[in-house]
Amino acid sequence: MLITNIRHLINVRPNTGRLRGSQLAELPVLNHAYLKIDDGRITGFGRMEDLHHFGDYRIVDAEGRSVLPAWCDSHSHLVFAASREAEFIDKIKGLSYAEIAAKGGGILNSARKLAETEEEVLFDLAKERLSRLIRLGTGALEIKSGYGLSTETELKMLRVIRRLKEWAPVPVKATFLGAHAIPMEYKGNRRAYIDLILQEMLPAIVQENLADYIDVFCEEGFFSQAETEEICRVGAAFGLKPKIHANQLNISGGVQAGYRTGALSVDHLETISDEEIRILGLTDAPMATLLPTAAYFLRMGFPPARRLIENNAAVVLASDFNPGSSPSGNMNMVVSMSCIQMKMLPEEAINAATLNGAYAMELEEELGSIATGKRANLILTEKIPSVAYLPYSFGENLVDQVIINGEFYE
Ligand code: NIG
Ligand code: FE
C-alpha cells in the first residue's frame, strides 16, 4: 500500500528511548507526505514532492487527511463479565469508590460475576470490546486479570487473555493482577491470600506461560507497600516485571515499591506528594502512567501531569478500561481529557499515548511511531487543520479509518 497526500504524518521518528520531561513536547510531523507499507510493515515515507515513481503499490489517496501511529493503551481490565452501572448510580447518590468496595461491591462484585461466567462467554465479550477499541484507533493493548481472585478463576481470565492474543490482529500483553483485592473469605486472614498468590497462582501461571507482567493494587484497604514489594519481588523472580496500581485514592507507597522492584510503570498517581514526583523524575524510575478517564469517572482530582513533566517523568497515558472506574476505553477521549484537565500539550499527550505507551508494554520496537520496520498500525483521521485539532475537538470521532498490519480494519 502507498498512502499519498497525507496532510500531517504525525510522530515520525526512530526510537530514542522513553520520552521524559521536555522530550514529550517534541512531536515530529512531516507535512504533505506519503507512506509506504509492505507485508504489514512501514517501509518508507517522505514528502510528496520527493515521490517520483509509484511502483505497483495499491494507492490510497488520503486526500489531505492525516496519519498517526495507532494508540498504544498500556493499562486495561478488558476482560470482565458484566457492567456495573448500579454502582454508578450509588456514586451519583453519594457513596465513594472505597465505600462501595468495603461493602463487597467494586472489584469483589466483578469477581462474583466472573466466577459464574463461562470462559467462552468471557472471550466473546472481550472480543467484541477489543474490536470496538480497534475501530477507535487502539493498535496495542495491555489487559490485566484481577477479577478472578482464586487460582481457578485467575487462570480462567488469563486463558481468555491468551486466546485474545492469538485471535487479535493487534499485540496484546497480559498482566497477572491476583493482588487486586482481598476476597471476602480471606478478610480475617489476608496473609493466607497473599500466600495463595505467591505459592499457588504464580507458579501455575508461569508454568502455562500466561502472563507478561505482575500488578498489585497498592492502596489503603487493598495491599500495603510492604505486601506490594513482596508480591512484585516474587513475581519478578518468576520473570514477570511489575506494573503497579499506585496512589489512586491515597498515598500508598506504591511509587516507592515500584522504584525498588524495578517496575516498568506505576499507574494512576491521582494522589501524590513531592517525594513521589522526585522519584519518578530519576532516570531509572518506572514510567508514570496516568489514567485521566478513571479520575474523571470517580470525580477525583486529576494527576499532576505538568509537575511530573517538569520533574522529568516519563509520562504515559492509558484508558484503564474497566467496569468500575473507567467504563470507556476510548483513547481519543483520554488524549483530549489530558490536554483539557491536566494541561498537557497536544504533542505531549500524543507522545504519551503512542511511543511512551509502546515503551510501557515493551512494544517500542514494533509500534508507537512512524518508523521504517515498525508495524503499520495506523490511524487515518478525518481532515484536520492541525494536530492540536485532534484533542481540541473533544467528543467528536475524528478517526476515519484504522489500518492494522497494513490492512484497513473493518
Ligand atoms: O484501575 N483500582 C483498581 N482497579 C481498577 C478498578 C477496578 C474496578 O473497580 O473494577 C482501576 O481503577
Ligand atoms: Fe486499573
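Colleague: Is Asp320 buried or exposed?

Modeller: Buried means under 20% relative accessible area, exposed over 50%, and partly exposed in between, with a 1.4 Å probe and protein chains only. Asp320 has a relative accessible area of 1%, so Asp320 is buried. This is a predicted model: local features need pLDDT of at least 70, side-chain atom pairs count only at pLDDT 80 or more, and totals for chains, interfaces and linings use all residues. Residues are numbered from 1 along each chain as its sequence is written, chains are lettered from A and ligands numbered from 1 in the order in which they are written, and side-chain values use heavy atoms, with hydrogens and water left out.

Colleague: Where does Asp320 lie?

Modeller: Helices (H or I, at least four residues) and strands (E, at least two) are DSSP runs, numbered from the N terminus. Asp320 is in the loop between S13 and H12. Its phi is near 60°, a positive value in a residue other than glycine.

Colleague: Which atoms coordinate the iron ion (ligand 2)?

Modeller: Donors are N, O and S atoms within 2.8 Å of the metal (3.2 Å for Na, K and Ca); water is not among the atoms, so sites may look incomplete. Here the iron ion (ligand 2) is coordinated by His75 (NE2), His77 (NE2), His245 (NE2) and Asp320 (OD), at 2.1 to 2.2 Å. Along the chain, the donors follow the spacing H-x1-H-x167-H-x74-D. His245 lies in strand S10 (residues 241-246) and Asp320 in the loop between strand S13 (315-317) and helix H12 (331-342), so the pair ties together parts that are 75 residues apart in sequence. Both His245 and Asp320 are buried.

Colleague: Which other residue has a positive phi although it is not a glycine?

Modeller: Glu362, at about 55°. Glu362 sits in the loop between helix H14 (355-359) and strand S14 (378-381). With a relative accessible area of 35%, Glu362 is partly exposed.

Colleague: How many disulfides does the structure hold?

Modeller: A disulfide is a covalent bond between the sulfur atoms of two cysteines. The cut-off is a pair of cysteine sulfur atoms within 2.5 Å. The structure holds zero disulfides. For Cys72, the nearest cysteine sulfur, that of Cys339, is 17 Å away. For Cys218, the nearest is that of Cys232, 8.4 Å away. Cys72 is buried at 1% relative accessibility, and Cys218 is buried at 0%.

Colleague: What does Ala288 touch?

Modeller: Contact means heavy atoms within 4.5 Å. Not counting residues up to four places away in sequence, Ala288 touches Val266, Leu269, Leu280, Ala313, Ala314, Val315 and Val316. Ala288 is in strand S12 (residues 287-290). Its relative accessibility is 0%, so Ala288 counts as buried. Ala288 and Asn356 are 68 residues apart in sequence and 9.8 Å apart in space, C-alpha to C-alpha.

Colleague: Where does Thr261 lie, and what is in contact with Thr261?

Modeller: Thr261 lies in the loop between helix H8 (254-260) and strand S11 (265-268). Leaving aside neighbours within four places in sequence, Thr261 is in contact with Glu229, Cys232, Arg233, Pro242 and Ile244. At 12% relative accessibility, Thr261 is buried.

Colleague: How many residues of helix H13 are buried?

Modeller: Seven of the eight residues in H13 (residues 346-353) are buried. Among them are Pro346, Glu348 and Ala349.
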